[in-house]
Amino acid sequence: TYAFTVNVLASIYNLNAGNDTTICKGDSISLNPSSSATPVSYLWTPSFGVSDPTIANPNVSPSNSVVYTLTTTYADGCSAQDFLQLTVDRGPNVSISPRQAFACPGNSVSFDANAPNAASFLWSTGAITPSVSIASSVDSSLSLIVENVNGCKDSATAMLNINSPTSNFCDIIYVGHSVAQGNGAGTQTDP
């Protein structure tokens with residue numbers, strides 16, 4: 001009678017699936033694992049957002065944050081496993097207030113960016129502040145691009161409509177928040 005003792009050893013191979021990283025929503029990156037020996041096979045799971053889960057360097061573009069598992073197999077039948085966390089940054093989600101404004105020719109109107117996670121601002125006027133004031137004699141569109149700390153961007157637009165004066169007066173159509181507070185919908189005359 002013979003007795004055998006089987007010792008299960010940890011993998012002798014050093015596998016690194018890559019550094020945890022963050023990408024902007026809609027972007028893609030190429031995964032770049034490393035190993036102390038050349039694997040004969042690769043398997044990335046889960047496979048959603050992966051161009052080819054059976055190659056070493058697939059392009060990935062997931063719609064949500066995910067932890068990828070890389071399993072490699074070697075010529076001696078042994079395998080190794082490592083993990084990579086990919087965070088999807090959905091961007092700063094910007095809007096402009098007001099989205100549409102009315103003014104008499106040459107009057108200045110202030111527009112504000114609503115983007116709590118923005119790190120930088122760039123208006124079509126060239127301004128780089130969260131708010132901008134513009135004056136125009138013709139209808140004008142205004143655009144804004146914001147960027148967060150991860151370099152992810154979002155954009156928004158607003159419109160300035162110019163009312164044509166009648167005689168020496170210009171009626172501005174406006175909409176307020178509360179009639180009870182005396183600033184409901186109506187008109188004001190300028191000058």
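**Getting to know this chain**

In this predicted model, residues 24 or more positions apart account for 50% of the contacts in the chain with a separation of 6 or more.

Me: What share of the residues in the chain is buried?

Reply: Buried here means under 20% relative accessible area. The chain has 191 residues, and the buried ones make up 31%.

Me: Which residues does the disulfide join?

Reply: A disulfide needs two cysteine sulfur atoms within 2.5 Å. The count by that rule comes to one. Its sulfur atoms sit 2.0 Å apart, and they belong to Cys-24 and Cys-152.

Me: How many residues apart are Cys-24 and Cys-152?

Reply: Cys-24 is in strand E2, which covers residues 21–24. Cys-152 is in the loop between E14 and E15. So the pair links distant parts of the chain, and the separation in residues is 128.

Me: Is Cys-152 buried or exposed?

Reply: The cut-off for buried is under 20% relative accessible area. Cys-152 has 2% relative accessibility, so it counts as buried.

Me: Where is Asn-148?

Reply: Strand E14 spans 140–147, and strand E15 spans 153–162. Asn-148 has its place between the two, in the loop.

Me: Which side chain makes a polar contact with the side chain of Asn-148?

Reply: At 7% relative accessibility, Asn-148 counts as buried. Among the residues it touches, leaving out those up to four places away in sequence, are Gly-91, Pro-92 and Asn-117. A polar atom of the Asn-148 side chain also lies 3.0 Å from the backbone nitrogen of Asn-150. The side-chain partner you asked about, at 3.0 Å, is Asp-89.

Me: Which are the edge strands of the open sheet of four strands?

Reply: The order in this sheet is E10-E15-E14-E12, with mixed pairing. An edge strand pairs on one side only, and that holds for E10 (100–103) and E12 (120–123).

Me: How many bridges join E10 to E15?

Reply: Strands of a sheet pair through backbone hydrogen bonds, either parallel or antiparallel. E10 and E15 run parallel. Ala-103 stands opposite Ile-162 in E15. The number of bridges joining E10 to E15 is four.

Key: Residues numbered from 1 in each chain as written. Predicted model: local features only at pLDDT ≥ 70, side-chain atom pairs only at ≥ 80, totals over all residues. Heavy atoms only, no water. Buried < 20%, exposed > 50% of the residue type's maximum accessible area, 1.4 Å probe, protein only. Polar contact = N/O pair within 3.5 Å; in protein donor to acceptor, adjacent residues only side chain to side chain. Contact = heavy atoms within 4.5 Å. Pairing = 2+ DSSP bridges.
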